[in-house]
Amino acid sequence: MRLGQILEDVKVRMPNAFEEDSLVIWLDSALRDIYKVLALREGFTFSAVHGQSVYPLPADISCDLVSAVVVDGKELTARRIGDDVVPNCWSKVTEGFIALHPAPKRGEKITVWYFARPARLLTAAEAEEAGVAFAEQEIKLDADYAEMLKTALCITIAEAREDVALANNYKVSYNMLLARARQERYEKDGKYPVTKTVKR
């Protein structure tokens with residue numbers, strides 16, 4: 001999905017006089033919200049080295065964003081620094097490194113799942129300075145969520161124009177798309193929200 005495609009579609013739906021730079025800043029904010037709200041994850045997979053229990057993570061994966069570690073198809077239990085080490089667990093050693101207990105066998109596949117953060121969208125001036133084609137910037141978001149992103153931008157435009165009724169209409173659409181996206185993720189992952197019973 002390219003930035004230019006999103007902006008063109010939104011301009012057709014919501015003709016407006018706002019500068020492209022403002023639209024990009026608003027779109028970038030909406031994109032980050034979608035990643036956060038849907039807790040979108042990515043996986044980094046590599047092979048184990050015999051006898052090695054500590055592994056470095058790529059620079060763009062912060063230990064605080066790691067949500068799960070899977071070794072050869074088996075999810076390990078997360079432990080904090082200072083906790084007792086138990087079999088089949090992982091822990092942060094220092095920023096950028098994780099430890100696996102026990103050390104996996106050579107060649108076993110290790111996948112580190114982490115909450116993804118989208119790359120920041122560049123304004124026209126920033127794109128030119130970086131030598132990037134402004135409209136060709138790639139938005140790394142599943143095509144299923146493209147409609148949510150466009151709707152989120154339409155909400156911001158309507159609010160900036162102080163058109164409360166239109167903003168509210170788009171918010172209804174956004175909430176419906178969000179509910180559907182969450183439901184599809186639960187069905188895909190085989191997980192449903194856990195309900196707690198609270199005693200009074």
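Which side chain meets Arg32 in a salt bridge? I started my notes with this pair. The model is predicted. I found that the side chains of Arg32 and Asp28 meet in a salt bridge, with N to O at 3.1 Å. Both residues belong to helix H2, which covers residues 20-37. They sit four residues apart there, so about one helical turn separates them. I then looked up their accessibility. Asp28 has 9% relative accessibility, so I log Asp28 as buried. Arg32 has 29% and counts as partly exposed.

**Entry: other salt bridges**

I looked up the total next. The structure holds 10 salt bridges. One of them joins the side chains of Asp9 and Lys150, at 2.7 Å from N to O. Asp9 lies in helix H1 (residues 3-13) and Lys150 in helix H4 (residues 146-160), so this pair ties together parts that are 141 residues apart in sequence. Is Lys150 buried or exposed? I noted 14% relative accessibility for Lys150, and the cut-off for buried is under 20%, so Lys150 counts as buried. Asp9 comes out at 23%, which makes Asp9 partly exposed.

The side chains of Glu20 and Lys11 meet in a salt bridge at 3.1 Å, N to O. Glu20 has 32% relative accessibility and is partly exposed. Lys11 is partly exposed too, with a relative accessible area of 27%.

**Entry: nonpolar surface**

Which residues make the nonpolar surface patch of about 220 Å²? I wrote down Val54, Val93 and Phe97. I looked at Val54 in more detail. Val54 is found in strand S2, residues 54-56. The relative accessible area of Val54 is 34%, so I record Val54 as partly exposed.

**Entry: second largest pocket**

I turned to the second largest pocket. I noted a space of about 380 Å³. The pocket is lined by 19 residues, and the closest to its centre are Arg117, Pro118, Ala119, Arg120 and Lys140. By class, I count 12 nonpolar residues in the lining, one polar and six charged.

**Entry: backbone geometry**

Where is the cis peptide bond that I logged with omega of about -5 degrees? The bond joins His101 and Pro102. Pro102 is placed in the loop between strand S7 (97-101) and S8.

I also looked up positive phi values. Ala39 has phi near 50 degrees, a positive value in a residue other than glycine. I located Ala39 in the loop between H2 and strand S1 (41-47). Ala39 has 28% relative accessibility and counts as partly exposed.

Asp72 is another entry on this list. Phi of Asp72 is near 50 degrees, again positive and in a residue other than glycine. I placed Asp72 in the loop between strand S3 (66-71) and strand S4 (74-75).

Conventions:
Residues are numbered from 1 along each chain as its sequence is written. This is a predicted model: local features need pLDDT of at least 70, side-chain atom pairs count only at pLDDT 80 or more; totals for chains, interfaces and linings use all residues. Side-chain values use heavy atoms; hydrogens and water are left out. A salt bridge is a side-chain nitrogen of Lys or Arg within 4 Å of a carboxyl oxygen of Asp or Glu. Helices (H or I, at least four residues) and strands (E, at least two) are DSSP runs, numbered from the N terminus. Buried means under 20% relative accessible area, exposed over 50%, partly exposed in between (1.4 Å probe, protein chains only). Patches are made of residues with over 30% relative accessible area and no salt bridge: like charges are joined within 9 Å, nonpolar side chains (Val, Leu, Ile, Met, Phe, Trp, Tyr) within 5 Å. Accessible areas come from the Shrake-Rupley method with a 1.4 Å probe; for residues, only the protein chains shown count as cover. On a 1 Å grid over the protein atoms alone, a cavity is a set of points where a 1.4 Å probe fits but cannot get out, and a pocket is an open set with protein on both sides within 12 Å along at least five of seven lines; lining residues have an atom within 4 Å of a point. Grid points are joined across faces, edges and corners, and a volume is the space filled by probe spheres set on the points. Ala, Val, Leu, Ile, Met, Phe, Trp, Tyr, Cys and Pro count as nonpolar, Asp, Glu, Lys and Arg as charged, and the others, Gly among them, as polar.
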